[in-house]
Amino acid sequence: MRPSRESHAPFNCVSVQLVDESVCRYSAGMAVLFSPPMPALPSDDITGLGVLFRLKRNGFGAFPERCFHEPVLSLRALGKPLVIAAGPEAIKAVLATEAASFQRLRMGRRVLSPIVGEGILVSEGDVWRRQRRAMAPAFTPRTVPTLARHIAACADTTLLRISIEKPVDVFALTQTLALDIAAMTMFSMTSETFGVTLRRMVTSFMSGIGQPRPADFLLPPSVPTLTDWRRKHFRRRWVTLIEAIIAERPQRGTQEEARDLFDLLMQAFGGEGGLAGQAVVDEVATMIVAGHETTATALFWAVWLLANTPEWQDAIAEEVRHIDLSPDHAAGALSHLPVTTSVVREALRLFPPAFMTGREAVSDGDLCGQAIPRGAMILLPFWMLHRNPALWKNPAAFDPGRFLNGKEPDRFTFLPFGAGPHVCIGAQLAMTEAVLVLARLVQLYRFKAADEKPVLPVGVLSTRPSRSVLFRFSPRWNCG
């Protein structure tokens with residue numbers, strides 16, 4: 001299909017129709033804005049059950065366009081109230097100012113427990129508070145130098161091996177690298193012996209039984225489904241793998257300093273009365289899944305966006321040209337990478353790994369003037385908040401400049417790591433990893449996609465690409 005050309009003052013737009021999505025480039029003077037393709041949204045008259053069915057396939061195509069204009073949308077699914085809260089004030093109330101009135105969806109526990117057990121991602125109440133308090137010291141700013149050293153060392157090992165002779169599957173690359181970093185920062189070990197098996201199991205879970213079914217939302221936990229049986233089977237194999245990883249980890253002497261997140265975690269939980277058995281497995285599994293899956297997807301989208309915007313790729317290259325990103329200097333380099341950081345933040349805006357969260361009303365109340373009955377399911381699509389035209393200029397376009405020179409969006413318009421009491425505890429670590437890896441990649445190479453086929457975001461448990469994408473790499477002027 002040949003592209004059509006239209007004039008739109010003050011921009012010129014070339015639009016290529018791709019079945020249900022479009023790719024646009026806008027140019028105005030020196031500025032070029034690239035708008036990545038997106039899945040088609042459902043019609044505004046979609047039912048609550050229709051939303052739940054679409055969530056199984058792709059959360060980026062589950063919510064109607066009216067969510068951009070209506071901060072709270074009330075639907076029903078088989079007679080049960082289903083609320084979509086996509087406005088900043090509604091999200092602020094649910095996650096922060098009125099957080100006590102809402103609890104995590106029981107669906108989340110049903111879907112995620114097979115892979116994270118009773119870890120911090122699904123726990124509630126006193127159990128969650130105890131876990132959060134115990135884990136907090138492992139994610140403070142004082143850990144950044146140690147973790148940055150691990151990240152930089154792993155980045156060099158993997159990135160220096162990138163082939164310049166043949167195309168490279170970048171999502172597979174970011175998955176491998178993120179898992180290597182997780183293994184080193186968490187356990188002071190490589191992922192050589194377990195990496196392939198772990199990636200295969202995570203991918204199988206994400207693309208299969210980890211996809212939420214309507215029954216997960218609508219049936220009480222006491223009513224098992226065939227998928228629940230398959231999740232229990234997965235759980236047994238998954239726990240065996242995590243236990244083997246823990247057993248393989250080198251032991252630390254009692255007088256040695258903490259080497260990694262696992263040492264810090266054990267110290268912290270020791271102060272809380274001890275961490276043993278299943279609790280160790282659950283927290284380790286949570287850190288592996290949350291730490292490697294979300295960063296791998298964030299890095300993929302950042303690389304893909306840069307491949308489509310060579311001007312931003314060159315801007316990062318200029319920024320890092322004379323910066324030492326070696327393990328000994330990586331932590332100190334972070335404050336000198338504003339362009340790279342802005343690119344990562346913009347990638348997180350367009351393609352947040354945690355594209356949505358959910359809550360359940362624990363009592364009757366109201367949300368932005370709409371009555372919310374006890375037991376109502378509330379879905380909060382962060383990706384729609386990030387692309388709301390009332391909150392962002394050119395919301396569909398990739399424009400890292402919106403974060404440069406001290407620009408900060410309003411607090412509840414940009415939530416890549418959530419907000420409120422349950423805000424992601426590893427947010428700083430995730431940003432450190434993404435920024436350092438992306439900076440080093442651009443310092444070493446130029447890159448572009450090997451084809452121009454569209455790549456769509458697929459939101460299930462994280463925001464994965466719709467297909468494997470091959471990239472071609474060539475050395476940059478200051479690689480080595």
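A: The answer starts with helix α7 and moves on to what covers its buried residues.

The model is predicted, with local features requiring pLDDT of at least 70 and side-chain atom pairs pLDDT 80 or more, while totals for chains, interfaces and linings use all residues. Numbering runs from 1 along each chain as its sequence is written, and side-chain values use heavy atoms, without hydrogens or water.

Helix α7 spans residues 195–207 (helices are DSSP runs of H or I with at least four residues, strands runs of E with at least two, numbered from the N terminus). From first to last C-alpha its 13 residues reach 18 Å, close to the 18 Å expected at 1.5 Å a residue (1.5 Å times one less than the number of residues). G195, L198, M201, V202, F205 and M206 are buried in α7 (under 20% relative accessible area with a 1.4 Å probe, protein chains only; exposed is over 50%, partly exposed in between). These buried residues line one face of α7 because they fall within an arc of 140° seen down its axis (taken from the directions from the axis to the C-beta atoms). Exposed R200 and S207 sit on the face turned away from the buried side.

The cover over the buried residues of α7 includes α3, α6, α9, α11 and β15 (contact is heavy atoms within 4.5 Å). Of these, α11 (residues 278–307) also lies across β13 and β16, at about 85° to β13 (the angle, on a scale from 0 to 180 degrees, is between N-to-C directions of lines fitted to C-alpha atoms, for helices over the stretch in contact). In β16, F473 is the bridge partner of F447.

Technical notes
Pairing = 2+ DSSP bridges.
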